[in-house]
Amino acid sequence: MTKVREARDAYEQAKEDSKALLAHARVELGRAIREARDQQKSQEEIAKDLGISAERLRLLEREYDQALAEGAV
């Protein structure tokens, strides 16, 4: 059973690692969106290009702003 527990532990660790990777990628996407907005690109233009809603785009921007405020970036 040791191998089963080790495999489960590796699986659980991979889930945690993937959460961190996704969180980092969301912040980086938010940063790229913020930079595009700073270059006078509209939310609608960016959202359409990404195939997401304007609300989702704003959420990504807010996540970046929060990470920046927390010193995480």
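This is a predicted model: local features need pLDDT of at least 70, side-chain atom pairs count only at pLDDT 80 or more; totals for chains, interfaces and linings use all residues.
**Stop 1: helix 1.** Select residues 2-38. Helix 1 has 37 residues, which at 1.5 Å a residue should span 54 Å. Its end C-alpha atoms are 54 Å apart, in agreement. Now pick Val 27, Gly 30, Ile 33 and Ala 36, which are buried in helix 1. The buried residues of this helix pack against helix 2 and helix 3.

**Stop 2: just past helix 1.** Click Gln 40. Its phi is positive, about 70°.

**Stop 3: helix 2.** Select residues 43-50. Which residues of helix 2 are buried? They are Gln 43, Ile 46 and Ala 47. Look down the axis of helix 2: these buried residues fall within an arc of 95°, so they line one face. In an α-helix there are 3.6 residues a turn, so residues three or four places apart point the same way. The buried residues of helix 2 pack against helix 1 and helix 3. Now turn to the other side of helix 2, where Glu 44, Lys 48 and Asp 49 are exposed.

Stop 4: Click Gly 51, which follows helix 2 and has a positive phi near 75°.

**Stop 5: helix 2 against helix 3.** Show the side chains of Gln 43, Ile 46, Ala 47 and Leu 50 in helix 2. They meet Ala 54, Leu 57, Arg 58 and Glu 61 in helix 3. By class, this contact has 5 nonpolar, 1 polar and 2 charged residues.

Conventions: Residues are numbered from 1 along each chain as its sequence is written. Side-chain values use heavy atoms; hydrogens and water are left out. Axes are lines fitted to C-alpha atoms, for helices over the stretch in contact, and angles run from 0 to 180 degrees between N-to-C directions. Helices (H or I, at least four residues) and strands (E, at least two) are DSSP runs, numbered from the N terminus. Contact means heavy atoms within 4.5 Å. Ala, Val, Leu, Ile, Met, Phe, Trp, Tyr, Cys and Pro count as nonpolar, Asp, Glu, Lys and Arg as charged, and the others, Gly among them, as polar. Buried means under 20% relative accessible area, exposed over 50%, partly exposed in between (1.4 Å probe, protein chains only). The arc is that of the directions from the helix axis to the C-beta atoms. The expected span of a helix is 1.5 Å times one less than its number of residues.
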